[in-house]
Amino acid sequence: MRVLRRPRRPSVNLKWSSRHVSPMTYDPLQHEVNIQERWMKEKAFRAPFAKEMTPATPTFYMLVMLPYPSGRIHMGHVRNYTLGDVVARFQRMRGKKVMHTMGWDSFGLPAENAAIQHQIHPAIWTRKNIADMKKQIQRLGISYDWDRELASFEPAYYRWNQWFFLQMWKRGDVFRALRNVNWCEALGTVLANEQVVDGKDERTGHPVVQKPMEQYFFAITKYADELIEGLESLDWPENIKAMQRHWIGRSAGARLSFELISGVRISVFTTRIDTLFGVSFLALSTEHPVIQEAAQSDPDLASFCQTIGKQSREERLTSDVKLGHRTRLQARHPMTGDLIPIFAANYVLMDYGTGAVMGVPGHDERDEAFALKYQLPIVTVIEAPTRWEPGVLIHSGDFSGMTSEAASHALVKALAQTADAEWMLTFKLKDWGLSRQRYWGTPIPTVHCPQCGVVPETEDRLPVLLPEDIQFSGRGASPLTTSTTFLQVACPECGTEARRETDTMDTFVDSSWYWLRYLDSKNTTQAFHPDEAKAWTPVDLYIGGVEHATMHLIYARYFHKVLRDLGMAHADEPFQRLICQGMVLKDGFKMSKSKGNIVDPDDVIERYGADALRLFMIFASPIEKEIDWTGFEGIEGAARFLKRVERLIDPHTPTQASLPLLSRLSPEEKKLLSKLHQTLHRMTDDLESRYSFNTLVSSLMELLNSIQEHTFSSPHADAVRQHVWDIFVRLLAPTAPHLSEYLWTRLGHSGFVAHAPWPSCIPELLVTDEILVVVQVNGKVRARLTLPSDSTDTAKQEAALRCAEVQPWLQGKTLVKVIVPPGGKIVSVVVKDA
RNA sequence: GCCGGCGUGGCGAAAUGGCAGACGCGACAGACUCAAAAUCUGUUUACCGCAAGGUAGUGGGGGUUCAAGUCCCUUCGCCGGCACCA
């Protein structure tokens, strides 16, 4: 079906007093392209720089998550960018300076895979994809300031990643440490988590093992506490905050140490120090230094550690079999002095807490399972409704009879000297492993000097550029090691011949500050000018996919705090308000190439135009819910609505005549104008504070229905009609901007509707002459009365009790009370049997 | 297992404690048409009733309130996140 292409003139059957019938001229496809060109040419959406504004200039920063340039946009992008655009256009019409722009998260694996498969350079592949996607996005008519566009793979961008790295190095926020990577022996290469399926390389099927490697880290855990606390002040969906809290995983407890017979102390972390008298073993991670050392002289233990070490993280996490190995070591209980066996166990993680736990089988399920398996004593030391809760201590020496809470404090105090006991916070959040053994990313700006060790580059030698002479084979060490020009470098400190670092940065670094670069994307001397950050940040509204709830949104918050501490960003948090949109599905499934269920936005635009697609996307479902793309029925409805708008306005001849005094309007006219201004009021609220977009569209549809029902017949009908359409078109403009521009001109205005002021509400019109009062008797609606809007509550009560519909329900009953709640739209009558 | 969210017509949904189902899709009927498309008009939660109207109804059960889809308790189902976190 071609809804909007070459439509024929409908048989005119409008209640509308049409004075002329012109052939329909609006062709969305043609018009959309034309108006987009004009917006572009006249830089209609240019955002100003800080120096062009005063501190009093109202601004709005509308940010959407920047896409990875895969080559084609999908419906999720359409939804995301349309939502952002509706807000951006609205805020612009409200008179604010709006920052709204687009960029490309353009480093990462897919480009490198393309290079391996098709022997095409990642830069060429990426540039083409950006060009293709940009064209598609532009067809949607999103009001971006394209002059601020950026791409993270450009040296002009990533040199600042390197610069930040150096600043963080200076501050001690960067460190090197060993961490396991997915190592594929057959390929001789490191693989990303998503490349590993069932412990094998997803492409070749070669086995993958865990192997420790020296890597760079950002010390994000330094900010763990602030990252949790900061969530309080944010206007974010509760579920996202909960996900972040859980991800950061703050846990309050105590640390204490157990002394081995040899004198070595083992530190454990526990949230239940009150169960100390129930300890019957210590369990240590196989990677724990004490275990590693013991394994030197204990071949059985060594082989146990090896078996566990071979397991992938996945295997280790999914098997709930508790494996342990009893060592020859024993520790002394810090209170009782009893000897306690020490186990190496697979369920204890080296990277959480201290890598060692005290086993209390009486009050911990895991410890219990372990104790049953290895026949260890199970002692009850707490009396409580269930064994897993705090309660009152028993069998605990001097501490018996104390509550768990009191005992915990007492124990920490008592053991402070003898067992190093202290309160301690532990986090699940790990330091941010930065290194990727990849080509297509920001080179880490360090060199390995035989004299000085690992040395940071100097700022004046930035950027460290990615070399071009690279072999992409998919095997062997990082591609950067194959460059002849890249590796050799003079040590920045001593000048001796050194070797460049060949690891590149995680692409999350790129997306951790891009919204600041947008503000000053052409700056060649700074990442961005602090004045710009001051003028525009924090971001007023950030919209993106829920899949970024933890990683990106935690890294970005962390980075922002670091920039704040570097004196570059002034706010504590980068994104004041966040909305996570739901996915766009097809028949209940995520659209994907492999399922062959992709709906291409271009096809839809070809058939219905961008406005219809935009309108449908907004209307179909609340923003945070999933949309199932069931077919084209929904979008045909959207196209039909736009066509109806166009057709209803078409016969109108523009007039300069102003709206007559409200007192001279007919009741019908007043009713229509009330509806108009009520809709305006409601839509403003939807756009400004409720961020309820689907209802925005239904309000407009309702309004159009009212307009269509109205007979414009009074002497000043033209002026009324002009007033109505002038407002209507502006209300439509954020959602269907192309058609609105056409209609705005059609209504006799010059300039873009995108720049027209959002209409102001006439308060007198928000109240109607008559209001509907609902009468309830014992909670059931029994009558609907139309009363003058200035009726007093008493008058309403009287009218309610008197009216014929209500009378029968009062017969033979005793009136208990009558309530008119604030707002006066309801009279609630309570009666009881006489 | 833990945490979070959601359950409303045939479907997408609305309802900021105050008329449940706005708005749209689909379906059905009618007008226009030689016909179709498009457009316009009307009907569309269930049950009872010729009708006026009545009764029930927002996953199930209970509660608070003059009033509950909305708040509280409980239970079932679905979705999402995390998952040996000491």
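Which residues is Pro-390 in contact with, leaving aside its neighbours within four places in sequence? They are Arg-272, Ile-382, Ala-384 and Ser-404, where contact means heavy atoms within 4.5 Å. Pro-390 itself sits in the loop between strand E16 (382-383) and strand E17 (392-393); helices (H or I, at least four residues) and strands (E, at least two) are DSSP runs, numbered from the N terminus. Lys-832 is 442 residues from Pro-390 in sequence and 51 Å from Pro-390 in space, C-alpha to C-alpha.

A word on the ground rules: this is a predicted model, in which local features need pLDDT of at least 70 and side-chain atom pairs count only at pLDDT 80 or more, while totals for chains, interfaces and linings use all residues. Residues are numbered from 1 along each chain as its sequence is written, chains are lettered from A and ligands numbered from 1 in the order in which they are written, and side-chain values use heavy atoms, with hydrogens and water left out.

**The sheet**

Four strands make up an open sheet, ordered E22-E21-E24-E23, with antiparallel pairing (two strands pair if DSSP finds at least two bridges between them). At the edges are strand E22 (453-456) and strand E23 (488-490), each pairing on one side only. E23 is joined to strand E24 (residues 497-500) by three bridges, and the two run antiparallel. Within that pairing, Ala-490 stands opposite Glu-497 in E24.

**Salt bridges**

The count of salt bridges comes to 44, taking one to be a side-chain nitrogen of Lys or Arg within 4 Å of a carboxyl oxygen of Asp or Glu. Here are three of them.

| Pair | N to O distance |
|---|---|
| Arg-500 and Glu-457 | 3.0 Å |
| Arg-746 and Asp-650 | 3.9 Å |
| Arg-721 and Asp-718 | 2.7 Å |

Arg-746 in helix H22 (residues 737-746) and Asp-650 in the loop between helix H18 (633-649) and helix H19 (667-690) link distant parts of the chain, 96 residues apart. Asp-650 is buried, at 4% relative accessibility.

Arg-721 and Asp-718, by contrast, both lie in helix H21 (residues 717-732), three residues apart, about one turn of the helix. Arg-721 is buried at 2% relative accessibility, whereas Asp-718 is partly exposed at 23%.

Technical notes
Buried < 20%, exposed > 50% of the residue type's maximum accessible area, 1.4 Å probe, protein only.
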